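User: Could you take one part of this model and go through it closely for me? I'd like the local picture first, then whatever surrounds it.

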Amino acid sequence: MSGQFRRARWLLAGAAVAVAGLLATVLPAAAATGARTAALGGPAVPVLNWQPCPGEAGFECATAQVPLDYQQPHGQLITLAVIMHPATDPSRRIGSLFYNPGGPADAGTTALPVEYPLFPAAVRQRFDIISWDPRGVGNSTAVQCFPSQAAEADFFTDLPAGFPVGPAQQATWISLFTQFAQRCEQDNAALLAHISTADTARDLDLLRQAVGDPVLNYLGVSYGTYLGATYANLFPSKVGAMVLDGNVDPIGWTTPRQADGIPLSTSLRIRTELGAAATMGQFLSLCGQAPTTDCAFSAGTAAATEAKYAQLLDYLRVRPVTTSIPAFGKTTPAAPATTFTYAFTVSFITQILQVVQPVPNLAPGWAYGAFVLQTLWNLARTGGGEAKPVQPAPPTVALEQAYAILCADSPNPENPADYRAEADLASAQVGPVAQYIAWQDEPCSGWQATDADGYFGPWNQPTAHTLLLIGNSYDPNTPYQDSLIMASQLADARLLTLDGYGHTALNNPSTCIQDYEASYFISGTLPPPGTTCQPDQQPFSAASL
């Protein structure tokens with residue numbers, strides 16, 4: 001989903017926090033005749049023919065064949081791209097650990113090589129760590145609505161950046177995404193009917209069997225927590241050690257709800273706008289308490305910095321700024337020129353909030369976001385910047401894959417006017433970030449494809465082992481309240497709190513969290529009830545551009 005559940009993946013050309021470019025090439029699937037057959041009547045268990053991944057030292061790749069439709073397990077097959085890093089201490093290997101990086105529609109074959117160093121060292125020693133591109137995504141049998149990325153970019157040339165502002169832009173947004181939905185359904189009808197989270201959970205159980213594990217060991221972040229909860233309730237006896245980090249409220253994801261008579265879309269039902277607004281408040285407050293050497297946008301106090309941000313947005317409403325900003329700070333090459341409108345700036349900084357400290361090849365961090373805001377402040381006040389407006393890069397293929405899952409899996413209003421109404425209602429409560437959050441769901445208004453084989457609860461099936469949940473106190477995508485709700489819904493779960501900022505503990509490291517994770521995965525030891533950890537570094541504790 002565009003920006004809500006997946007970690008920031010676009011931002012600026014050259015400043016992107018995407019893991020694109022590290023895509024692992026997967027190898028041909030084993031012949032169907034070589035597959036082991038599961039219990040009579042069930043689908044065949046795939047054979048994974050592991051081979052070195054080209055360009056990814058230490059990783060092995062394979063493909064798996066799974067049913068398109070689990071109600072017809074011996075019918076048409078689709079392909080899943082799979083990637084693995086073997087345990088670094090094979091003599092002490094415990095088994096496999098499956099990882100889903102979120103999304104929906106984050107490709108595991110792309111994410112795992114980048115995020116592998118973030119896993120606790122002890123876990124990397126003892127487990128083969130495996131990820132995959134879920135059905136419809138990446139190098140698996142994928143939803144694709146255009147013949148090329150160039151054709152898709154051309155289609156979205158006039159899409160307002162960030163979110164639409166005013167009736168004209170809203171009409172353009174709605175029209176483009178209505179056509180987009182029609183085009184996607186025309187070109188992908190068979191696949192779109194079988195792309196729910198439940199279908200991916202069924203795929204995951206076949207992958208578990210393919211590697212010979214009696215139970216599933218799993219780490220899911222963001223949307224991956226919802227996938228994990230779905231698996232735990234479809235296959236409760238097969239749950240091994242399962243960590244859900246940055247939890248999605250499963251009731252909010254699956255259940256329609258209204259506010260003041262206005263139907264709410266998925267993101268507002270899971271309170272993303274509240275998490276984003278609260279985290280933005282912390283960003284500005286902590287920045288204001290820091291010197292400008294550590295937070296370039298600081299105005300000396302929390303209140304003054306909050307006022308400065310509001311004034312910057314007012315400036316950009318009147319006169320957007322076009323500039324080339326260094327990708328990760330002042331010493332690196334400048335990114336291509338980008339026009340920072342009011343809406344694009346709100347969306348930009350909201351995505352920056354997800355990762356506090358810089359993570360190589362993944363995210364630039366809060367100090368970089370403050371540097372960008374200060375650059376815009378200087379240019380906006382002086383009338384500087386480049387003269388020619390430049391539209392930020394349009395969405396890529398991951399956009400259609402994310403909506404294919406979200407719109408089929410989670411109920412959303414069918415009337416585009418409802419998104420305008422919910423955006424106005426929420427922004428009156430928490431500020432402009434709500435406009436960005438609400439409008440990202442609007443493409444679902446025209447999406448007609450649904451999956452009849454989805455799973456929508458209950459969420460309290462007794463599992464073979466206790467699940468470990470992790471929630472950040474200030475998470476801009478999946479607020480801490482969602483982790484509390486997930487803990488209350490699951491039959492047997494323990495919540496571990498990170499008293500920190502950003503989206504997921506995996507991308508906002510805490511040695512305390514990692515130690516508890518490692519103990520849980522390796523020995524099954526849970527943290528004491530009510531345990532709270534601290535991040536390794538506080539925001540703006542040291543400038544890092």
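Analyst: Leu216 sits opposite Val239 of β9, and Leu216 itself belongs to strand β8, residues 216-221. Helices and strands here are DSSP runs (H or I with at least four residues for helices, E with at least two for strands), numbered from the N terminus. Bear in mind that this is a predicted model: local features need pLDDT of at least 70, side-chain atom pairs count only at pLDDT 80 or more, and totals for chains, interfaces and linings use all residues. Residues are numbered from 1 along each chain as its sequence is written, and side-chain values use heavy atoms, with hydrogens and water left out.

Leu216 counts as buried because its relative accessibility is 0%; the cut-offs are under 20% relative accessible area for buried, over 50% for exposed and partly exposed in between, with a 1.4 Å probe and protein chains only. Leaving aside neighbours within four places in sequence, Leu216 is in contact (heavy atoms within 4.5 Å) with Phe98, Leu204, Arg208, Tyr231, Lys238, Val239, Gly240, Ala241 and Met242. Gly95 is 121 residues away from Leu216 in sequence, yet their C-alpha atoms are 9.5 Å apart.

Now the strand as a whole. Six of the six residues of β8 are buried, so the rest of the structure largely encloses it. Leu216, Tyr218 and Gly220 point one way, while Asn217, Leu219 and Val221 point the other.

What does β8 pair with? Pairing takes at least two DSSP bridges between two strands. With β9 (residues 239-245), β8 runs parallel over five bridges. Strand β6 (residues 95-100) is also parallel to β8, joined by three bridges, and there Asn100 stands opposite Gly220.

Between β8 and β9 comes helix α6 (residues 223-234), and the three make a right-handed β-α-β unit. Right-handed means that, with the strands pointing away from the viewer, the path from the first strand over the helix to the second runs clockwise.

The largest cavity is lined by Leu118, Pro120, Leu219, Asp245, Ala505, Leu506, Ile513, Gln514 and Glu517, and has a volume of about 60 Å³. A cavity is a set of points on a 1 Å grid over the protein atoms alone where a 1.4 Å probe fits but cannot get out, and lining residues have an atom within 4 Å of a point. Points are joined across faces, edges and corners, and the volume is the space filled by probe spheres set on them. Helix α17 (residues 511-523) gives the largest share of that lining, three residues. By class it has six nonpolar, one polar and two charged residues, where Ala, Val, Leu, Ile, Met, Phe, Trp, Tyr, Cys and Pro are nonpolar, Asp, Glu, Lys and Arg charged, and the others, Gly among them, polar. Searching the whole structure gives four cavities of 30 Å³ or more.

Conventions:
1 Å grid on protein atoms, 1.4 Å probe; cavity = no way out; pocket = protein on both sides within 12 Å on 5 of 7 lines; lining within 4 Å.
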